[in-house]
Structures are given as structure tokens and as C-alpha cells.
2 protein chains.
Amino acid sequence: MECNVLGWYFGERPRGGPEEGKMKEWNETPYPDMIRNLPEIDVPLEGVRGWLLQGANTQMVFFDIASTAEVPHHSHCAQWGLVVEGEMELTIGDETRIYRKGDCYFIPEGVSHGASFLTRAYVIDIFDDPSRYKEKNTEG
Amino acid sequence: MECNVLGWYFGERPRGGPEEGKMKEWNETPYPDMIRNLPEIDVPLEGVRGWLLQGANTQMVFFDIASTAEVPHHSHCAQWGLVVEGEMELTIGDETRIYRKGDCYFIPEGVSHGASFLTRAYVIDIFDDPSRYKEKNTEG
């Protein structure tokens, strides 16, 4: 089954209701407005965008990543993540695997990891650190 | 592929390292300690537990749900969710489907929904409301 949110968007309902215009805005993404309206993170990698749910001791980021993006090897706090849609080649330590829709992974603190992408990918990650990412400066 | 976090647990590494004892504690769950250490929610449904990531305008809950649990029909703020592991029969409005690992869904504000479970299920949900759930009172 595809994400039902996509079915909702490309599907039959609602037609002409007050939500119709709003819904078209997140065409082609599994993330609804309630996620896209979160603050966007400041990330220096081309083709990588993310929306931040800031907790007291934790951050969660909803990533939207172009197939052309590359995440070079790096390490930091512990991280748990899950592929919502798409295909990602992720190396954790010395193990490289392809991760697809529904696959999740745990990266212990300090373990080097990097990724490339076989498709556009939607990936959610939770970081055991409240300051892994900063919000983008939206003042321009 | 199963969640790699399970592979990590049931797999070869780390053996005897400082993480070994800690890791055994989350045997049989895809959620690492960084999630299990979040505040637990106060939820009156038997067989349902959840850990809360509290945002400024949003809540995210990592649910661990017994196969015997029943979530009666109810409605509230908009909700987006995803099945991490397991099988859930979810009715949104008048549409009932089975959702499995990697399947996600969007429940617009005010739309009635309810669920039952074919297996123990791990489900993550994000709520467009900072007060959908309260933390469990841990003093009692």
C-alpha cells in the first residue's frame, strides 16, 4: 500500500471542499501541512530539506531529499531513523545497505555514517540531542 | 529488510561492549532507549503505551500496542501516522484498511477513526495540537 495520504491527495476526496486548494500544495509528498509548517532546518547539503520538531532533549526531523543529494560521512549523537518513501544507500560504520519504505535503523553515538539516494527520499530521524540542527534563518 | 535496529539487537554486535547490557533492555522493540526514555503518555486504553516528543505546537507519540488493544472511534485534531512494525486495521471515516510496516495515513481534523490490531504494533503519530496527550503522572 502506498501512503494513504497520497491516495487522499491523488484520490477522489475531498472535491471542491475548503481543503481542496490547501491539499494540492503538498502534492507528491507524504508530509501534510502540519509537518511542512514546522520550522525548516538550516542544512548546508544541496538537495536536502528538513522540518524540525523540537523537543526538550530531542529533535525530530522530517527530511525531503533529492536523489542527487549526498550526505558525507559524519558522526554525532545517537540517531534513530526510518524511510517513509524512497530508497537510500546508508553506510553505518562499515556496513552498507539499501533502506526502503518502512526500514529503520539505529546509529549509536559517535558511529560514522553517510548516505546517497537511489530516488527522492522522505526520511524521518530522531536525534538524542536538542541542538543537532538549528532553525533556518527566515529573515533572509 | 527488518528494522536494522532489530538486526543490531539480535545480531552479532556489539558483544560485551559497554552498550551490551543497555541494549538488551529494548529487546523485541524497534525503539531505542532514546525513545523509551521520553516521558510516557497517560492513555486509558488497555495494552496501549506511548512515549511523547513534545513540541511547541505539535506532539509526536511513539506507540507500542498489544494485539489485544482496541482504539474506539474518536476524533480530534489532524493526525499523521506511520506503522513501524506490525499490522493495524484502521478505519478513517468510512474506509477500513490494513496498514503494515511503512504504511502511513493522514486523518484530517474532526474525522472519526478507530483501530484494532492483528499483531503487536509499533506506530508513530504526529498530532497538530500541543495538548492531545498529557504525560503520565509518575509520582503515583
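Before anything else, a definition: copies are superposed by least squares on the C-alpha atoms of residues with pLDDT of at least 70 in both, and please keep in mind throughout that this is a predicted model. In general, two copies of a chain are related by a rotation about an axis and a shift along it. Here, chain A is superposed on chain B by a rotation of 180°, with 0.0 Å of shift along the axis and an RMSD of 0.0 Å. The two copies are thus related as by a two-fold rotation axis. Which residue of chain A comes closest to that axis? It is Gly102(A), whose C-alpha lies at 1.8 Å from the rotation axis.

Let us turn to the contact itself, to which chain A gives 30 residues and chain B gives 30 residues. On the side of chain A that touches chain B, at least two residues each come from α1 (4-10), α3 (33-36), β1 (48-54), β4 (79-85) and β7 (104-107), and by class this side has 21 nonpolar, five polar and four charged residues.

Finally, I would like to look at Asp42(B), which sits in the loop between α3 (33-36) and β1 (48-54) of chain B. Is Asp42(B) buried, exposed or partly exposed? Asp42(B) has 13 other C-beta atoms within 10 Å, and it is therefore partly exposed, since a residue counts as exposed at 12 or fewer and as buried at 20 or more. Leaving aside neighbours within four places in sequence, Asp42(B) is in contact with Tyr133(B), Lys134(B), Glu135(B), Lys136(B) and Asn137(B).

Definitions and conventions: Residues are numbered from 1 along each chain as its sequence is written. Chains are lettered from A and ligands numbered from 1 in the order in which they are written. This is a predicted model: local features need pLDDT of at least 70, side-chain atom pairs count only at pLDDT 80 or more; totals for chains, interfaces and linings use all residues. Two residues are in contact if their C-beta atoms, placed from the backbone, lie within 7 Å. Helices (H or I, at least four residues) and strands (E, at least two) are DSSP runs, numbered from the N terminus. Ala, Val, Leu, Ile, Met, Phe, Trp, Tyr, Cys and Pro count as nonpolar, Asp, Glu, Lys and Arg as charged, and the others, Gly among them, as polar.
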